[in-house]
Structure formats: structure tokens, C-alpha cells
Amino acid sequence: MNIRGQGQGPPPVPAAAAGMMDGIGVPVAPNPINRKKGTGVRAWLLLDSSGQKQVVEAGKHAIMRRTGLPARDLRILDPLLSYPSTVLGRERAIVINLEHIKAIITAHEVLLLNSRDPSVTPFVEELHSRILRHHQVQGAAAAAAASDDFKLSKVYDSEEGQSREGQDEDEDLDPVGEQVKAQSKQNGIQNGDGMKILPFEFVALEACLEAACSVLENEAKTLEQEAHPALDKLTSKISTLNLERVRQIKSRLVAITGRVQKVRDELEHLLDDDDDMAEMYLTDKLQQLHSSSASSINDDDVDNDHHNQLDVDDSIPPEISLEEGGAAASDDDNQHDDDRLLVGVSRDSRASTTYSTTTKHLDVEELEMLLEAYFVQIDGTLNKLSTLREYVDDTEDYINIMLDDKQNHLLQMGVMLTTATLVVSAFVVVAGIFGMNIHIELFDSNITGNGEFFWTVGGSAAGTIFLYVVAIAWCKYKRLLE
């Protein structure tokens, strides 16, 4: 049992533990989960819209509450599971799983899962620089819009002060002034060159698409540079080493083609579905949701005023309304009942269509142009890989033709050797006959001498050669040999 004496404070904390830094130079946010990590707690790199970086450790449920994503969407980003390239648009976030990039994009921040991977570090730097530029441009555009609104309001107020006598003319010019102010507010989301600034989620999405497409394109170029020399060597000399190199190149080609094809199919699916593209307008959906909530509050105030006015109208004594006629009074009562019914219906319909107005009727032209640009790039990479695949297939066909030709030559040689063996066997028969232990006058050297022996051997050899020539000529006549 350890007893700590009075006056003794807690043990000193090491300096390295006091200022924890991440591997990429980002301060790690203090989190009580660091003391005892639970299941599914991972390090996430958080980049907000102002460009600030921070590494936080959070579990699945914390990310779900922060982004509004279901568990099945977070399962796509799990590094322990193998999921193909996917781009999902949800109500409050965009899920990105492209090659080495696993991120969640919201309207105000980006959450990266594998930020400590060396292959992701260049992407993190590029994304950070883009977010900083976007923040600076957006701030400059907002300042310019505020100054324009101030100038317009000043000029409008001076003109209104000079023309107070002609109020009728001012009332006619009021819509024009409102239109100018609305146009100036609309120009507030544009930069100095008049080009519209992309929302934050599109800036992050563009960085992810560019990084993924660039990685695939670089891999395709590297493979192409390695494939052509290897295929040329295999064409000139068929060897085991050259065949092994081409086999490895073909395996890499099939793998890269599948990855590129999946990214291309994902972009094509998004381009074909306007609803999926509309889901990715996170900033616009937030603005529409805020505007719809504000308008609903205003409408409720108007409805309450109207309802109070109806109650006041109902409180009018019947003898006052009957002075103008009973028919008119009954018509007013029916009209009041219809107004009450319309007010109730409008409240119910407004509550049911709040979410639909935030996701529909959005102009997806900006996102469509953005996706088409990278679709063309990834399609060009796929065409390059397809061309390389055709070159590999053509080389394989050429190698197969060469092997078939060599096999045909070997078969022809086999036919010629078999024919020669067959013909030589006839000569062996003659030698076998004369090798038997029988008495023939030809063997008697005292009578015949050696001349008959040489004539017999020479005649047998000549007959064998003649038979071989006749057999080869017959094979060529039958087109069995070239």
C-alpha cells in the first residue's frame, strides 16, 4: 500500500508528453479517449474552412454524430475492409474513398482518415493550400461585396434625399434599386474577375479527384514506359526471363485497369444522376434550410396575425354585418372558414416539404462541369491503358504465331527423321540377313573374294537413299512438308 505524504504534488509530466505533436507537425487535440482507447477509435486529420489543421482521435459514433452519416457509410472508409472507389453524397456530408484518399467532406471541414500515410502527405499539403486560397478569395470577395453594398446604399440614400418631393416616382424606382442591391449581393460570391467561387465542399472534392486521377495517370505512364521495352525484348528473343517480366507487367496492367475503370464508372454514375449531384451541394442545402426556416418563422407570424384578424372579424357583432345584407355576412363566414382551413393545410405542407426543397431544384451545372473534367481525364487514362492492353495482346499473338511456326518446323523435322529411320531399317534388315549363321556361297571368300561384299553393302546403301528421297518427295507432294 503506497501512501503519499502531505505536500507531495503529482509526479512531474515530461516535456515531450506536455506538447504532443503529430507526425506531420500538427498538434494533437487533447482527448480523454487517449488514456483508454476503445474499439474503433482512430486518428482523423481535421481541416476546417479557414485552413486550420488539427488531429483528433474519435470513434465511430462520434464521427456519425458530427457528420450525420450512417454506420454503413463509415464502413466504406475502414482500412481493414477492401472497398472499391466510391463517392457518396449524403444529407450533410460527402464520403470519398478514392485510391489512397479516405475522407469525409462537410460544408465547413474535411476529415481525413489515413493522414499519416506517406502517400497521402502530398495530398494533405495540396488540400491545405487550396483551402487557404479559397478562404482568402472568399474573404476578399465578401469584403468587396460589402464595400459595393455600402456604396450603393450611400448613393441610393443621397438620391432618395434629393427626390423626396416625388414619392410616386421613387415608388416606381424602388424595384430597380432592390434589383441592383440583389445583384450586388449575388456578386458577393464572385471574385474580382467576375468568376463564381466554388463552395468549400467542391474545392475539397476537386482536390480529391485530382489527386486520385493524377496517381492513376502516373502509374499508367510508368507502366507504359516499362512495358514497351519488355515487349520488344520478348519479340526479339523468347526467353524465360523476358516471359516473366511480361507476365508481371500484364498483371499490373489488369490491376490498374480495374481501378481506373471503377473510378470512371463512379464518375459516370454521378453524371447520369442529377439527384446524386444535388445531394453534394452541402452549402446550398444549408443556406436553403436556413432561409426556409426563417421564412417559416415569418409565415407563422403572418399566419398568427391573419388568424388574429380573423378572430377580430368573428368578434364583430352580427347586427353590424347584417346592416349590409345577410348574404354578405354568410359569404364572409364561409370565406373565414376557408382561410382557417388553408392556414392549417399550409402549415402541414410546409413542414413536410422543408427537406425536399433543400435537395431538389438545385442547379447542378457547376458540379457537372467539375466532374466532366475529371471524367475526361480518367477516360483518357483508361484509353491509354486499353491501347497498352491491345499492344500486349498483339505481342502475345505474335509470340504464339512464332511458337506455332517453330512447332511446325519441329514437326516437319520429326517427319523427316521418322522417314529416315524407317528407310535405314531396311538397310538393317539386309545387314541382319547377312549376319545370320547360315552357309551362303557369297560368304565364301575363296570363291567370290571381297568384291561381292562391297557391291552388296553399296547397293543396300544406295537403295536406302533412294527410298528416303522417294518418301520425302511423296510428303512434299501431299503437302505434309514445305
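**Strand 5 and its neighbours**

Reply: In this predicted model, strand 4 (residues 94-98) and strand 5 pair in the antiparallel sense, and five bridges link the two. One of the places where they meet is Leu-98, whose bridge partner in strand 5 is Ile-101. Two residues lie between strand 4 and strand 5, which together form a hairpin, and in that turn Glu-99 has a positive phi of about 55°.

On to the next neighbour: strand 5 is joined to strand 6 (residues 109-112) by three bridges, and these two strands also run antiparallel. Here Ile-105 stands opposite Val-110 in strand 6, and the two strands form a hairpin with three residues between them.

Now consider the side chains of strand 5 itself, where Ile-101, Ala-103 and Ile-105 point one way while Lys-102 and Ile-104 point the other way, and all of them are buried. Buried here means under 20% relative accessible area. Because five of the five residues of strand 5 (residues 101-105) are buried, the strand is largely enclosed by the rest of the structure.

Finally, the turn between strand 4 and strand 5 leads back to Glu-99. Among the salt bridges of the structure, which holds 15, is the one that Glu-279 forms with Lys-285, with their closest N and O atoms 3.2 Å apart.

How values were computed
Residues are numbered from 1 along each chain as its sequence is written. This is a predicted model: local features need pLDDT of at least 70, side-chain atom pairs count only at pLDDT 80 or more; totals for chains, interfaces and linings use all residues. Side-chain values use heavy atoms; hydrogens and water are left out. Buried means under 20% relative accessible area, exposed over 50%, partly exposed in between (1.4 Å probe, protein chains only). Helices (H or I, at least four residues) and strands (E, at least two) are DSSP runs, numbered from the N terminus. Two strands pair if DSSP finds at least two bridges between them. A salt bridge is a side-chain nitrogen of Lys or Arg within 4 Å of a carboxyl oxygen of Asp or Glu.
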